[in-house]
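Reader: Please take a close look at one part of the backbone for me. Then place that part in the rest of the chain.

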Amino acid sequence: MNITFPNLACEDLHVDVMDVAGDSQLDIFDTLVKKRLSRSGRPIGSDVLKAEANANQQRQEEKLRLLKEKLPENYCGPCYGANDDENQCCNTCDELLDAYIAKKWRTDIVQYTSEQCMREGRDKKEPKRMKRGEGCNLSGYLEVNRVAGNFHIAMGEGIERDGKHIHTFNPEDTPNFNASHIIHDLSFGASGTKVGFGEEPQKTLNGVSKIVTRQHGTTGLFQYFIKVVPTSYITDSGVRIATNGYFFTERFRPLMKEYIAEDDYEDEDETDEDGKRTVAVQAGHAHKAKTSNHDVRNAVLPGVFFIYEIYPFEVQIRKNKVPLTHLLIRLMATVGGVFTMFKLADNLLYSAGPSRRSSTWS
């Protein structure tokens with residue numbers, strides 16, 4: 001894939017994968033590259049930023065491990081440097097926080113990372129505010145199972161909690177997640193053009209550009225429903241190149257929508273205090289005039305979702321070349337046909353003309 005998000009900072013861009021088999025990959029970073037962009041689309045600096053590992057996912061795995069462990073009878077919890085002597089124990093989250101307060105140290109970090117607070121479910125952290133004024137280019141590849149699933153770039157960091165995939169973010173920051181994107185390249189395996197077979201047999205997402213505006217709710221949920229078709233390209237030498245083609249449908253759901261109450265419509269067009277006519281709209285089966293309205297927020301998670309299914313059959317594509325002998329035979333047949341048509345025309349014209357009489361001289 002190679003996708004540009006002109007209004008989304010790299011640090012707010014997280015790629016998650018999940019499928020019907022129950023497998024999930026959160027905040028993939030090892031096979032993807034992120035490049036910071038300015039609002040004008042120019043790279044910021046010369047360094048290529050690798051996406052950081054999802055620390056939240058690692059913390060969640062550590063929490064699950066701690067919850068499964070049984071504490072020994074002689075358990076002595078660590079105080080993470082806040083103990084007055086080496087024999088002091090902090091067995092509960094409150095004891096640990098009290099030890100930090102006594103040292104006049106910050107407690108937010110230790111509450112978020114300590115095993116005591118994890119066990120008690122008190123490791124809550126406020127989602128960070130989104131960074132504005134930058135864009136990001138995302139390129140690389142993903143390895144997924146050959147089953148139906150989806151990969152998405154959505155607001156907030158994805159985590160697994162109680163077997164469910166959820167995203168954590170500040171709800172007030174939702175309108176700032178601008179899901180505008182430009183898809184430069186997206187393929188499931190090497191595309192037909194990359195293996196030298198001309199144009200793609202199916203319509204692809206390459207070159208698709210989706211830019212949201214205030215008119216479209218400033219942001220929203222983009223969904224691409226992709227049908228992946230296993231495809232084999234067979235070269236002249238008989239080499240088989242296995243890849244996948246695809247075709248898609250799409251849907252967009254805006255975050256904000258205009259709400260107009262029934263009481264705000266009237267049967268007749270009205271004029272305001274300045275004598276100007278109000279905007280006419282269609283409500284029900286009659287033309288009515290809008291007098292007041294406001295925006296309401298849809299229950300959608302802003303982001304871009306690629307939802308794919310894999311077809312159970314395969315398409316084979318091969319190049320067929322015409323041998324030189326076939327070309328010569330076709331040329332000879334064409335020339336012979338031309339001579340035959342001329343001969344037929346000549347005979348018809350000769351038989352339709354006046355008959356010639358022969359004369360005898362004595």
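Author: Start at Asp27, which sits in the loop that links strand 3 (24-25) to strand 4 (32-37). Bear in mind that this is a predicted model. The phi angle of Asp27 is near 50°, a positive value in a residue other than glycine. Is Asp27 buried or exposed? Asp27 has a relative accessible area of 5%. Buried means under 20%, so Asp27 counts as buried.

Tyr80 is not a glycine either, yet its phi is positive, at about 50°. Its loop runs between helix 1 (55-68) and helix 2 (93-102). The accessibility tells another story. Tyr80 has a relative accessible area of 36%, so it is partly exposed. Asp27, by contrast, is buried at 5%.

Now the surroundings. The protein chain holds five helices and 20 strands. Of its 362 residues, 34% count as buried. Among contacts with a separation of 6 or more, 69% join residues 24 or more positions apart.

Strand pairing shows such links. Take strand 1 (residues 2-5). Strand 1 runs antiparallel to strand 10 (residues 181-185), and three bridges join the two. Asn2 has Asp185 as its bridge partner in strand 10. Ile3 is bridged to Ile183 of strand 10. Strand 1 also pairs with strand 6 (residues 135-140), again antiparallel, through four bridges. His181 is bridged to Lys210 of strand 11.

What lies in the interior? In soluble globular proteins, nonpolar side chains tend to be buried together. Here, the largest nonpolar core has 33 residues. Phe151, Leu186, Leu205, Tyr224, Ile226 and Phe306 touch the most other members. Strand 1 and strand 6 return here, along with strand 2 (15-19), strand 7 (149-154), strand 12 (220-234), strand 13 (240-254) and strand 19 (303-310); each supplies at least two residues of this core. Strand 12 gives the largest share, four residues.

Leaving out residues up to four places away in sequence, Ile226 touches Leu186, Phe188, Leu205, Tyr246, Phe247, Phe248, Phe306, Ile307, Tyr308 and Glu309. Another core lies apart from the largest one. This other core has 10 residues, among them Ala82, Leu96, Tyr100 and Cys117.

Last, the open space. Rolling a probe the size of a water molecule over the atoms shows where empty space is left. The second largest pocket has a volume of about 420 Å³. It is lined by 19 residues, and Leu142, Val144, Ser187, Phe188 and Gly189 are the closest to its centre. The lining splits into 10 nonpolar, five polar and four charged residues.

Asp27 lies in a loop between two strands. It is buried, with a relative accessible area of 5%, and its phi is positive, near 50°.

Conventions
Residues are numbered from 1 along each chain as its sequence is written. This is a predicted model: local features need pLDDT of at least 70, side-chain atom pairs count only at pLDDT 80 or more; totals for chains, interfaces and linings use all residues. Side-chain values use heavy atoms; hydrogens and water are left out. Two strands pair if DSSP finds at least two bridges between them. On a 1 Å grid over the protein atoms alone, a cavity is a set of points where a 1.4 Å probe fits but cannot get out, and a pocket is an open set with protein on both sides within 12 Å along at least five of seven lines; lining residues have an atom within 4 Å of a point. Grid points are joined across faces, edges and corners, and a volume is the space filled by probe spheres set on the points. Ala, Val, Leu, Ile, Met, Phe, Trp, Tyr, Cys and Pro count as nonpolar, Asp, Glu, Lys and Arg as charged, and the others, Gly among them, as polar. A nonpolar core is a set of buried Ala, Val, Leu, Ile, Met, Phe, Trp, Tyr and Cys residues joined through side-chain atoms within 4.5 Å. Buried means under 20% relative accessible area, exposed over 50%, partly exposed in between (1.4 Å probe, protein chains only). Contact means heavy atoms within 4.5 Å.
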